[in-house]
Each structure stands twice: as structure tokens, then as C-alpha cells.
Amino acid sequence: MAVSRRNVLLLGGLGVAGAALGVPTTAVNAKSASALADSLMPRPFQTAFTQSPVLGAEDPGSRPTVDPVDGKPIKYYRVEERAASAQILPKAGLLTPILGYNGIFPGPTIDVYQGTKVELTVVNKLPRQHALDGHSLDTSTHLHGSASLPQYDGYASDITRPGFQKTYKYPNFQGARTLWYHDHGVHHTALNAYSGLAGQYHMHDATSERLLPRGKYDVALTVSDAMFAANGSLGYEDNSQSGLWGDVVLVNGKPWPVMKVQKRVYRFRFLNCSISRSFRPRLSTGDPLVMVATDGGLMPTAQAVREYRHASAERYEFLIDFSKYRTGQRVELQNLSNDNNVDYDFTDKILAFDVVGDAVDTSDPTWNRIPTTLAGSEVMDLQESQATRTRRFRVERSNGMWTIDGVTWEDVIASNYRKVAAEVELGATEIWEFENSSGGWFHPMHIHLVDFKILGRNGRAPFAYELGPKDTAYVGENETVRLLMKFGPHTGRYMVHCHNLVHEDHDMMVQYQVGESQDPDPNDPMTAAPAVPAGTAVPAPAPSPTPTPSPSETASPSPSTSPAASPSPSTSPTKNSGKGSQTREPRPGK
């Protein structure tokens, strides 16, 4: 197998001295993908379950704690993107180099209440180049599931280079939901996210807190897969740019962990942050998972399912009632998998629960509550008859590139970021159809800014577990999926892409325009909120925008003149006068 920029195994680490490159020694259709010695390979259910710490807010200092425009509170957070080492594999001292927010994987959980605005400063303290392929470690942070203004949405080409920082503003006016933040750097999202740049972000409201378990019974599951090199570092094999499927399933950065649970109801927030793999979870007992929330928050009605299909970037929240099990019983969350994954010896397992006999606090009304009616939402109340237009998009591979209607992100770059796949009116309700008839791949299609309602697939009703607000849709092989959505509350340009991140990087991403385009655009994602040198004091900000911003509230700051700042039209490293721009830096020596 020839070594190429996208088809390599990482042997030396991420930003660690002694980095080296090599090729996989095990075929992807064998019993395992990793090059580890058998004695070093992790085995299921040998590791204790852990969760990421909750990120504390910063002292606001001279910054306002209340937005004078709408009276909403503001909290300030800061994370650093750093190269670090993690104890993922079981042998003591065998560390895996990662890239992580605050140097951990998953990154710290950000926990906020609906209506509290957040300003998150992300400082890029990464090495200049990725040790795997030499690409510049530029990043762009996307809060997936947030209705953010374009300049704070993690627009792929709005990069922050090593040594710089950017402050993102999140309005948090939406209903309670599980969001997640991850790198979205142009053409390198897959490798950056796979290396560890991902974390959960929880938004609560009164309804969710009243109906569902809280505190230690509200459990984040960040699930991914990985393969490992002989020295314990991460392996990377993208199978001719079709996707990466590792042989080790990680939950919160640990292989197949075991969680001790009391005899009560637990709420699980399952995020699939694999860059390609999908899951089909089920309980080993055959009991149902009670679905209570999808990407965009609470479902109108809970749905009990025996198994379900879970693609990259989707979030599903479900309840498990452990009160029916005996003390000492082990219950496994298993994986039946789906078509066109690559599976190995133990990828049929996710994690295990060991039931303990500890006393249960029955004064907590959620200890045995399995609610039926949950919460409505604007998007789930939409009716097909309200749609004023239907648009159709075909997802396929063409001339070696992944495309949406034959268009790629490089086409967007070549247009100076003006080319759009759709122009929609602010407040319009439309149906978007995604047709996947291109063969043996599924595509998790993500539409930024909006939640949508799945109307059906191939003329059939949506699955029961999909009957809630969504922002990412599993578009399976030979499926056409129909989505209903209302566009807003912001105007500007937003991305649409496949969340198999290998497909996104090669180059399955386009953008759409909400409202009339403006020139100059006060919310231009490339210029309205540029990065600044790391350590720059964050000034007391102008009032944060309300959900429906006015031009005066979102006036564009003067663009940075620093040659190393995030790209502007005059300094962008990601645009070119024609297709085939040099956004994919060659490996050293090429």
C-alpha cells in the first residue's frame, strides 16, 4: 500500500518529538485494524467509566454580565487547543498523543441554562503542523446545534492559526438540547476531530429538568472509534477517502468501559463523534431504549425502540430503567452495526452497565419516571402544507470527489465564498430532499443554523426514534430523505455538508444564503469576527446580538491586518482564483 497524505498510519504522535510515518500492517478486512501487539490491545469491559469535567466560567472582570439589549445574562468561557497525551490503552505508561480542548479528550463539557448567552474564547496553542501529514493546524470551532450568527458558526474557511485565538458568541435561546463543539477547519476536519478536538455542550431548561434525570443520573456518552499504531499512537486509514473505521470503540475516551448504575432511571446523551462509523445500539437484555430527545431537543412524545440507527454527529437521548435488574447483573449496550461499516472482533460492543445495590433516593421524582408526553417545538409543529418550495439535492461521488449536486467546497472557495446552493427567504418554510443513489455509502447530512423535521424516506414514514427535532439526517444507501424546516432567525451564509468527515474534507460541502445577500455583509463569516493573536485582552464587547439581529447590533469590526490572522478576502490561505486551491498542504518532502 502506497503512503499518501490521506492514507497513512500515525506512528509518532501529535506534536511529540520523534514523529514518524508508516503504513498499516493489518488489512482493514481482518480481525483488527490496529498494529498493536495482541498483549497491548484493549479488551471490552476492562476499564472504568469516566466523564469529562464540566468547564467553569471565567471571572468576567470588566466585561458585562448582562446584555443591555435584552437583559439576558452572559457567561464567559475559555478553552485552549493543545497537543497532549492520554491514557487510552490499558498498559500503564503507554500513552496516546492527542489534540484536545484543554488537552483532554473529550473536551470539557460546557453546561448552560437556556437564555444564558455564552462567549467562548478558543485559543489555538497547537503545534504548527500535524505530525501525521504536515498540514497546518489551523482550526475553526463549530458549536453543532446552535443557531449562531455566521461569523460565530465555525465556518470552515474562517480559520484560527496556531498562536491566535477567536471569541465565539452563542445566543442559547433554543430549547434544551445536547449540542457539541468540534473542529471544522477547512479540508482537515476529519483528522483534527479524530485526533481529539470534540466535546459536549449541554443546554437545560425548566421542562427538561422537571421531566428527566439530572446531575449524576444525566450521563454524557461521547462515542467514537479508533485504530492504533504499534507504539500506541493513533492510526489513520481513510480507505481511499471513503471513511475511517477503527477496531476500538471509545466511550468518553476509554475503550468499552464499565459503568456502575443504581436501580433507577438514567438519562444518557449519546453523541456519535466518530468521523465515519455509524452505530445500531441495543441493550443485551432486549429491553427498549426510551428515546426522549433528538439533535434539537425534546421529542413531543417519548418513543420506545429496541434498536436504532445512529450516524456521525447525531445526538440521541434515551432513558434506561435499571430498577428491573438484579444486583450484580451486567447489562451491555451493544452495536448491531449498519450497512457499509467495516467491523472487527469487538465493534459489536459499546459499553457495559453493572447494577449495584446502593440505596436509591426515591424522593427524586425522576428515579422511576418514564415520561410519555415531553415538549412540543416550532419545527415539530410545522406542516408540509406550509412549505412554499421543495428543493432537491443529489449526494454522490463524481470524478473522485464527494459532491452535492456536483458542487464542492473548492468551488465555493474559487467563487470567493459567494457561490450558494440555495437562496432562501428569512422565515421561509421549505422542504429539502436529499437523494443518495450513488452506491455503497451512507451520508449523515448536516444543515447548519436550523432544526428540521424528517417527513420520511423513500415515501415511508420516518423511524420512531426520528420523531423529534433534528439537524443531521442519516441518508442511507439508495434513500431519498425529505426534510421540513423554517429558516432563521439569522441571515447570512451557512454550510451544508456530509458528516462523514472524510467525505466533507474531499469535498462534500456547500453553502446556502438566508435572506438577501449584502455587500458589505455585516455578518460575513470570513471577516466579521477575525481571530487575534493569542493573549490579546478581550475588550468589553458591544451588546450581543438578539436572535433576530439588526445591522446596528452586528456591525462588522475592522478586519485584522495581521498576516497570520484568520483569513479575510485579502489574506485567506484557503481561496484561490480557480478550483484546486492549495488548501491541502502537501506532506513534507512532496
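A residue counts as buried when its relative accessible area is under 20%. The model used in these exercises is predicted.

**Exercise 1. Classify Phe322, Phe353 and Phe268 as buried or exposed.**

Step 1. Take Phe322. Its relative accessible area is 0%, so Phe322 is buried.
Step 2. Turn to Phe353. A value of 0% makes this residue buried.
Step 3. Phe268 also has a relative accessible area of 0% and is buried.

**Exercise 2. Describe the geometry of the aromatic pairs Phe268–Phe353 and Phe322–Phe353, and state which parts of the chain each pair ties together.**

Step 1. Start with the total: the structure holds 30 aromatic pairs.
Step 2. In the pair of Phe268 and Phe353, the ring centres are 5.2 Å apart and the planes make an angle of 50°. Planes under 30 degrees apart would be stacked and those over 60 edge-to-face, so this pair is tilted.
Step 3. Phe268 belongs to strand E17 (residues 265-272) and Phe353 to strand E23 (residues 349-355). The pair therefore ties together parts 85 residues apart in sequence.
Step 4. Phe322 and Phe353 form a tilted pair, with 5.1 Å from centre to centre and 55° between the planes.
Step 5. Phe322 lies in the loop between strand E21 (315-321) and strand E22 (330-335), while Phe353 is in strand E23. This pair therefore links parts that are 31 residues apart in sequence.

**Exercise 3. Which ring does Arg63 lie over, and which ring does the charged end of Arg309 sit over?**

Step 1. Arg63 lies over the face of Tyr76, at 4.1 Å from the ring centre.
Step 2. For Arg309, the ring is that of Tyr474, and the charged end is 3.8 Å from its centre.

**Exercise 4. Characterise the second largest pocket by volume, lining and contributing elements.**

Step 1. The volume of the second largest pocket is about 530 Å³.
Step 2. The lining comprises 26 residues, and those closest to the pocket centre are Gln174, Arg177, Glu378, Val379 and Asp451.
Step 3. Two elements give two or more residues to this lining: strand E20 (297-305) and helix H3 (378-381).
Step 4. Sort the lining by residue type. Twelve residues are nonpolar, nine polar and five charged.

Definitions and conventions. Residues are numbered from 1 along each chain as its sequence is written. This is a predicted model: local features need pLDDT of at least 70, side-chain atom pairs count only at pLDDT 80 or more; totals for chains, interfaces and linings use all residues. Side-chain values use heavy atoms; hydrogens and water are left out. On a 1 Å grid over the protein atoms alone, a cavity is a set of points where a 1.4 Å probe fits but cannot get out, and a pocket is an open set with protein on both sides within 12 Å along at least five of seven lines; lining residues have an atom within 4 Å of a point. Grid points are joined across faces, edges and corners, and a volume is the space filled by probe spheres set on the points. Helices (H or I, at least four residues) and strands (E, at least two) are DSSP runs, numbered from the N terminus. Ala, Val, Leu, Ile, Met, Phe, Trp, Tyr, Cys and Pro count as nonpolar, Asp, Glu, Lys and Arg as charged, and the others, Gly among them, as polar. Rings of Phe, Tyr and Trp (its six-membered ring) pair if their centres lie within 6.5 Å; planes under 30 degrees apart count as stacked, over 60 as edge-to-face and the rest as tilted. Buried means under 20% relative accessible area, exposed over 50%, partly exposed in between (1.4 Å probe, protein chains only). A charge sits over a ring if NZ of Lys or CZ of Arg is within 6 Å of the ring centre and within 35 degrees of the ring normal.
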